[in-house]
Amino acid sequence: MPEEVKKLKPGVVTGSDYLTLVKNCKARGFALPAINVTSTNTLNAALEGAMNSKSDIIIQLSNGGAQFFAGKGIKDVEKARVLGAISAARHAHTVAKAYGICVVLHTDHADKKLIPWVESLIDASEAEYEVTGKPLFSSHMLDLSEEPIDENLAECERVLKRLAKIDMSLEIELGVTGGEEDGVGSDIDQMDNSKLYTQPSEVLQAYEKLSPIGHFSVAAAFGNVHGVYKPGNVQLRPEILKASQQHIQSVYDTTERPLDFVFHGGSGSSPEEIAEAVSYGVFKMNVDTDTQFAFSKPVGAYVEAHPKAFKYQIDPEDGTPFKKHYDPRAWLRDCEKSMAERVQQACAELGATGKSIAGA
Ligand SMILES: [Zn+2]
């Protein structure tokens, strides 16, 4: 444990404060959960869980989550996913402080066809930066792992040049992380096995190209799979992260663990596997599938407990009004509490409980 941990103001953190947060995670050997949100309910639940754990947190939106945040009623999907992400960010900026923790705002996987989405969000952050001196988001992600590595890194370089100017960071992906979300999980057996594991030489290439420009983090493939899968299909090999760190350290004589890694597809991993990955420089672990289930689970029990309240406003037999049961706040609150508990579990598994660096 480092002698002195720098405290940050609670609320959304960007720029050098974000780097302080990342550095603190690595120095103290824990990671932050990155929770996907799609609404104010899920966003508030994520903040509540982190607050209960006295942990800082990363809140992120996929393009689909951002679209949902704006409303599926908006016919122009491209527009909706930009507006939804901005709306979620503004909501977080407004309420985060009141939860007393530090909050990182991030966008999740964006492949080649979603680069315009990310660039529109950078436009919004540039405009915000001009007025307030702070961007809207802390970081964005580009997932060009399906493109050839040279193309992947060239595009990341171009985007990071824009981000660095407004104190933002970039998350990149190297190698292929299997799974449902990426649409590549079904044929894992047929896939070239080496593609499931990022090569240290690729990580070195990324380091050489991007570190002179600005801050970036790497989602490396080490046998991790998106979504929940039967164990045993792919072998998790966190030592790939260790080898990548050592490779860069030896070539460029850097300090220990020069890279900031993120863990995608962690659902279903054992606590030992998570702890090992964290010890090799993982500061962020994505959690989506499990918090989705946690949010939805109480609905079943609630409807079972009040079946008539979802068919009639007033009991047809004895005239009892059901308003207090069908009021969306009643059952949505159960969903929020359940999701917040799952977030607390994630904080505990990542060693983040009690380690918020938010100060008064
Ligand atoms: Zn990924």
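The crossing of helices H4 and H5 is right-handed, meaning that the near helix is turned clockwise from the far one by less than a right angle. This is a predicted model, where local features need pLDDT of at least 70, side-chain atom pairs count only at pLDDT 80 or more, and totals for chains, interfaces and linings use all residues. Residues are numbered from 1 along each chain as its sequence is written.

Student: At what angle do H4 and H5 pack?

Tutor: Helices here are DSSP runs (H or I, at least four residues), numbered from the N terminus. H4 covers residues 77-95 and H5 covers residues 115-132, with axes 10 Å apart. Those axes are lines fitted to C-alpha atoms over the stretch in contact, and angles run from 0 to 180 degrees between N-to-C directions. The packing angle is about 45°.

Student: Which residues of H5 do Arg 81, Val 82, Ala 85 and Ile 86 in H4 meet?

Tutor: Residues are in contact if their C-beta atoms, placed from the backbone, lie within 7 Å. By that test, the H4 residues meet Trp 117, Ser 120, Leu 121 and Ala 124.

Student: What share of the protein chain's 360 residues count as buried?

Tutor: A buried residue has 20 or more other C-beta atoms within 10 Å of its own, with C-beta atoms placed from the backbone. Of the 360 residues, the share is 48%.

Student: Among contacts between residues at least 6 apart in sequence, what percentage join residues at least 24 apart?

Tutor: The C-alpha atoms fill a box of roughly 80 × 50 × 45 Å, taken along the principal axes. For the contacts in question, the figure is 72%.

Terms used. Helix = DSSP H or I, 4+ residues; strand = E, 2+ residues; numbered from the N terminus. Contact = placed C-beta atoms within 7 Å. Buried ≥ 20, exposed ≤ 12 C-beta atoms within 10 Å, placed from the backbone.
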